[in-house]
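Morning, everyone. Please look at the sequence and the structure on the screen, and then I'll walk you through a few parts.

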Amino acid sequence: MNYDNALDNALGQLHDEGRYRVFIDIEREKGAFPKADWTRPDGTKQEITIWCGNDYLGMGQHPAVLNAMHEALDATGAGSGGTRNISGTTVYHNRLEAEIADLHCKEAALVFSSAYIANDATLSTLPKLFPGLVIFSDELNHASMIEGIRRNGGAKRIFRHNDLAHLRELLAAEDPATPKLIAFESVYSMDGDFGPISEICDLAEEFGALTYLDEVHAVGMYGARGAGIAEKIGETRIDIFNGTLGKAFGVFGGYIAASAKMVDAVRSYAPGFIFTTSLPPAVAAGAAASIAFLKTAGGQRLRDMQQEHAKVLKLRLRAMGLPFIDHGSHIVPVHVGNPTHCKALSDMLLDEFGVYVQPINFPTVPRGTERLRFTPSPVHDAKEIDGLVKALDSLWSRCALNRADACA
């Protein structure tokens with residue numbers, strides 16, 4: 001086999017379909033977010049505004065987080081020294097897990113190197129703990145959940161997105177004695193819509209199923225203390241929470257929160273946890289400080305500002321007749337519907353207007369639903385929102401793009 005030709009063909013296919021991903025060289029400056037410097041292809045630098053980051057509240061720049069990380073770095077050095085079992089458990093990891101457990105009102109929590117790994121490791125381990133387990137998964141669940149469910153060796157049932165009738169039908173078809181788990185998300189990141197959490201908990205109670213809720217795009221963002229959508233709506237019946245430390249909390253890592261017995265079992269059986277070096281202590285310290293801050297009134301002020309800026313952006317887009325999707329969350333997807341156009345718009349926004357937003361193409365979203373996904377934050381001001389909307393309006397007109405699907 002000619003391996004180089006095979007690689008050329010694989011990469012060429014992405015280029016032909018307009019789906020080849022290009023990483024641009026940007027440098028964030030402490031205290032200046034959402035501003036950053038972009039190194040252009042000719043080597044010159046240009047100031048840009050980041051509009052697609054998942055540091056939703058700017059906590060990656062917050063003094064409480066940076067101070068905690070500096071203190072831990074000065075006290076302990078860089079790395080953790082090993083896996084949690086060998087030498088990688090420190091006071092900082094224990095403190096972080098205590099903050100997470102308290103956030104979700106659970107007995108315990110377990111920190112992983114990312115929320116992807118937390119989902120993959122946990123969902124692939126649960127059938128070892130509950131032989132014969134059937135996992136019921138929303139069809140739009142994140143790739144990490146899909147991968148964990150695929151690898152677990154157990155049975156799975158895929159229900160149509162947020163379709164409670166279909167989920168009920170699938171649950172009813174199983175033997176009542178079969179162990180079951182329903183895996184779903186609170187905020188689906190590409191459309192920004194919400195999962196029917198309480199209704200799914202009702203079905204779980206009726207059919208004797210566990211519930212597994214991915215709150216990755218909601219933790220820090222919703223609820224009186226930033227615990228997510230379940231906290232916001234007062235839902236306390238979730239068995240296992242998954243969350244990230246790398247989005248609204250602004251640092252790095254992922255976790256699950258559940259009963260002490262559930263966490264202990266996953267800790268003891270999941271290869272994705274057992275054989276992975278733990279987070280650096282400075283990262284754990286920063287994440288714990290971020291969670292602690294976002295539980296306070298100061299955190300609520302950031303959440304309120306973020307929601308206000310998202311509302312303003314949506315109002316401006318609606319006034320321009322631009323085709324965005326609005327399910328009431330903090331995520332603002334603008335529909336393009338063609339991968340080549342999507343990439344071209346992204347390039348023009350960056351080159352001509354200093355607006356950085358990456359194209360979202362297949363396989364992240366279905367073909368024909370390609371989009372630009374904007375994430376306004378508390379630190380995007382009115383001037384930046386105005387500049388973004390005018391840039392989009394100008395390019396939509398210049399490129400003769402369809403506005404008929406506006407506000408779908």
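**The cavity and its surroundings**

This model has one cavity of 30 Å³ or more. Keep in mind that the model is predicted. The largest cavity holds about 80 Å³ of space.

What lines the largest cavity? The lining is made of Arg84, His93, Val111, Phe112, Ser113, Gly272, Phe273, Thr276, Thr277, Ser278 and Leu279. Strand S4, residues 108-112, gives at least two residues to that lining. So does helix H10, residues 271-274.

Arg84 sits in the loop between H2 and H3. Is Arg84 buried or exposed? The relative accessible area of Arg84 is 14%. The cut-off for buried is under 20%, so Arg84 counts as buried.

Now look at the side chain of Arg84. It has a polar contact of 2.8 Å with the side chain of Thr89. The side chain of Glu97 makes a polar contact with that of Arg84 too, at 2.9 Å. Set aside neighbours within four places in sequence, and the contacts of Arg84 are Thr89, His93, Asn94, Glu97, Val111, Phe273, Thr276 and Ser278.

Next, the pocket. The largest pocket has a volume of about 1,300 Å³. How many residues line the largest pocket? The number is 49. Nearest its centre are Asn54, His142, Ser189, His217 and Lys247. Several elements each supply at least two lining residues, among them S1, H2 and helix H4, residues 115-129.

On to a helix. H11 covers residues 281-294, which is 14 residues. At 1.5 Å a residue, H11 should span 20 Å. Its end C-alpha atoms are 20 Å apart, so the two values agree.

How many residues of H11 are buried? The count is 12 of the 14, so H11 is largely enclosed by the rest of the structure. The buried ones include Pro281, Ala282, Gly286, Ile291 and Leu294. And what do the buried residues of H11 pack against? They pack against helix H2 (63-76), helix H3 (91-103) and helix H12 (297-320).

Helix H12 also contains Met320. Met320 has 26% relative accessibility, so it counts as partly exposed. Now pair Met320 with Asn2. In sequence, Met320 and Asn2 are 318 residues apart. In space, C-alpha to C-alpha, they are 52 Å apart.

Last stop, a sheet. It is an open sheet of four strands, in the order S1-S2-S3-S14, and the pairing is mixed. S1, residues 26-28, and S14, residues 355-356, are the edge strands, and each pairs on one side only.

A quick reminder. Strands of a sheet pair through backbone hydrogen bonds, either parallel or antiparallel. Which way do S2 and S3 run? Strand S2, residues 35-39, and strand S3, residues 45-50, run antiparallel and are joined by five bridges. In that pairing, Ala36 stands opposite Ile48. Thr39 has Lys45 as its bridge partner in S3. S2 and S3 form a hairpin, with five residues between them. Gly43 lies in the turn and has a positive phi of about 95 degrees.

S3 and S14 pair in the parallel sense, over two bridges. There, Thr49 has Val355 of S14 as its bridge partner.

That's my tour. Over to you for questions.

Conventions: Residues numbered from 1 in each chain as written. Predicted model: local features only at pLDDT ≥ 70, side-chain atom pairs only at ≥ 80, totals over all residues. Heavy atoms only, no water. Expected span 1.5 Å × (residues − 1). Buried < 20%, exposed > 50% of the residue type's maximum accessible area, 1.4 Å probe, protein only. Contact = heavy atoms within 4.5 Å. Polar contact = N/O pair within 3.5 Å; in protein donor to acceptor, adjacent residues only side chain to side chain. Pairing = 2+ DSSP bridges. 1 Å grid on protein atoms, 1.4 Å probe; cavity = no way out; pocket = protein on both sides within 12 Å on 5 of 7 lines; lining within 4 Å. Points joined across faces, edges and corners; volume = space filled by probe spheres on them.
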